[in-house]
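Work through the following exercises with the model in view, and try each task before reading its solution.

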Amino acid sequence: MLRKNLKNDSDYPLIMTRELAAEFIGVSGPTFDKYYRYAHNFPVVKNGDVEEAFPRDPIIKWVAENWELLKKRRK
């Protein structure tokens, strides 16, 4: 399968916006919200009551540890 995004992981900042986090994972914004953003223990940094940021390296670890759960949810 050909990746849509040809960037390396290190091309992304350590702390990402929602849009960058979705691009980093390789999904659309709505798909990111549905399967990742609100998933149990998904890495997020709160900046106040509303603003969120997403740490790159913990996302890599989270996906590696939770890929089977994501596979089941997408069926």
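**Exercise 1.** Over the face of which residue does Lys7 lie?

Solution. This is a predicted model, in which local features need pLDDT of at least 70 and side-chain atom pairs count only at pLDDT 80 or more, while totals for chains, interfaces and linings use all residues. Residues are numbered from 1 along each chain as its sequence is written, and side-chain values use heavy atoms, with hydrogens and water left out. A charge sits over a ring if NZ of Lys or CZ of Arg is within 6 Å of the ring centre and within 35 degrees of the ring normal. Lys7 is placed over the face of Tyr12, at 5.0 Å from the ring centre.

**Exercise 2.** Explain how the rings of Phe32 and Phe54 are arranged.

Solution. Rings of Phe, Tyr and Trp (its six-membered ring) pair if their centres lie within 6.5 Å, and planes under 30 degrees apart count as stacked, over 60 as edge-to-face and the rest as tilted. The structure holds 8 aromatic pairs. In one of them, the centres of Phe32 and Phe54 are 5.3 Å apart and the planes stand at 90°, so this pair is edge-to-face.

**Exercise 3.** Is Phe54 buried or exposed?

Solution. Buried means under 20% relative accessible area, exposed over 50%, and partly exposed in between (1.4 Å probe, protein chains only). Phe54 has a relative accessible area of 1% and is therefore buried. The rings of Phe42 and Phe54 have centres 6.1 Å apart and planes at 55°, so the pair is tilted, and both residues are buried. Finally, ring pairs link Phe32, Tyr36, Phe42, Phe54 and Trp62 into a cluster.
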